[in-house]
Amino acid sequence: LITWNERLAMTVGGDFKIGPNAGIGITISSSGNVDAIGIITATSFSGGITLTGNLNTNGNSIVFPDSNGTTNRLIFGTNKFEAYYDSGNSRTQFDNITGNFSIRNSASGQDIDIVSANDIRIRPQAGESGINVVGDGAVELYHNNAKKVETRSDGLQVDGTVRLPAD
């Protein structure tokens, strides 16, 4: 053990530590791993980062640069729920690779609002038309990708038979 003062010590062939023997400090192991206790400011990391606790951003944002649709993705779990902004297609996308995808608000008496600057589309069955809410226009309902009902400025248009109950 070589000790320059109580805050700087090195074990020959072992670890190099800056800081007191216990608590806040940086240790560089003989294998090249860096262990830091305290606040770390870094401009980049190479490889991965493993968290053993919660990530506290202290009120700041985690910012990803624009994506080309295949990079800069936020991935949750092993079933690959992914969130990313695809700058090539100017869209924010959430991909769920396996299972159902649910949007849920469990707060009693609260709503889910979907707000768009233009149209809103619900597209089942691999992209077929289902429900279109056209900005400043119609609401269109589809059956098996064929438009059946459309709201209009003068009322409602139905393509097909309207069946009303006898009662």
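**Figure 1. Asn 58 in the loop between strands S5 and S6.** In this predicted model, Asn 58 is found in the loop that runs between strand S5 (34-37) and strand S6 (74-76). The phi angle of Asn 58 is near 50 degrees, a positive value in a residue other than glycine. Most residues other than glycine have a negative phi. Because its relative accessibility is 64%, Asn 58 counts as exposed; the cut-off for that class is over 50%.

**Figure 2. Gln 125 in helix H1.** Gln 125 lies in helix H1 and has a positive phi of about 50 degrees although it is not a glycine. With a relative accessibility of 62%, Gln 125 counts as exposed.

**Figure 3. Ser 129 and the residues that it touches.** Ser 129 has its place in the loop between helix H1 (124-127) and strand S10 (131-133). Is Ser 129 buried or exposed? Ser 129 counts as buried because its relative accessibility is 16%, and the buried class covers values under 20%. When residues up to four places away in sequence are not counted, Ser 129 touches Ile 122, Arg 123, Pro 124, Tyr 142 and Asn 145. Among these contacts of Ser 129 is Ile 122, and strand S9 spans residues 120-122.

**Figure 4. The open sheet of five strands.** The strands of this open sheet follow the order S9-S10-S11-S12-S13, and their pairing is antiparallel. Which strands form the edges of the sheet? The edge strands are S9 (120-122) and S13 (155-158), each of which pairs on one side only. From one strand to the next, the twist averages 10 degrees. Strands of a sheet pair through backbone hydrogen bonds, either parallel or antiparallel.

**Figure 5. The hairpin of strands S12 and S13.** Strand S12 (residues 146-152) and strand S13 run antiparallel and are joined by four bridges. Two residues lie between S12 and S13 in the hairpin that they form.

Figure 6. The volume of the second largest pocket is about 390 Å³.

**Figure 7. The protein chain as the setting of the close-up views.** The protein chain has one helix and 13 strands. Read along the sequence, these elements follow the pattern β-β-β-β-β-β-β-β-β-α-β-β-β-β. Of the 167 residues in the protein chain, buried residues make up 12%. Among contacts in the protein chain with a separation of 6 or more, residues 24 or more positions apart account for 0%.

Notes. Residues numbered from 1 in each chain as written. Predicted model: local features only at pLDDT ≥ 70, side-chain atom pairs only at ≥ 80, totals over all residues. Heavy atoms only, no water. Buried < 20%, exposed > 50% of the residue type's maximum accessible area, 1.4 Å probe, protein only. Contact = heavy atoms within 4.5 Å. Pairing = 2+ DSSP bridges. Axes fitted to C-alpha atoms, helices over the stretch in contact; angles between N-to-C directions. 1 Å grid on protein atoms, 1.4 Å probe; cavity = no way out; pocket = protein on both sides within 12 Å on 5 of 7 lines; lining within 4 Å. Points joined across faces, edges and corners; volume = space filled by probe spheres on them.
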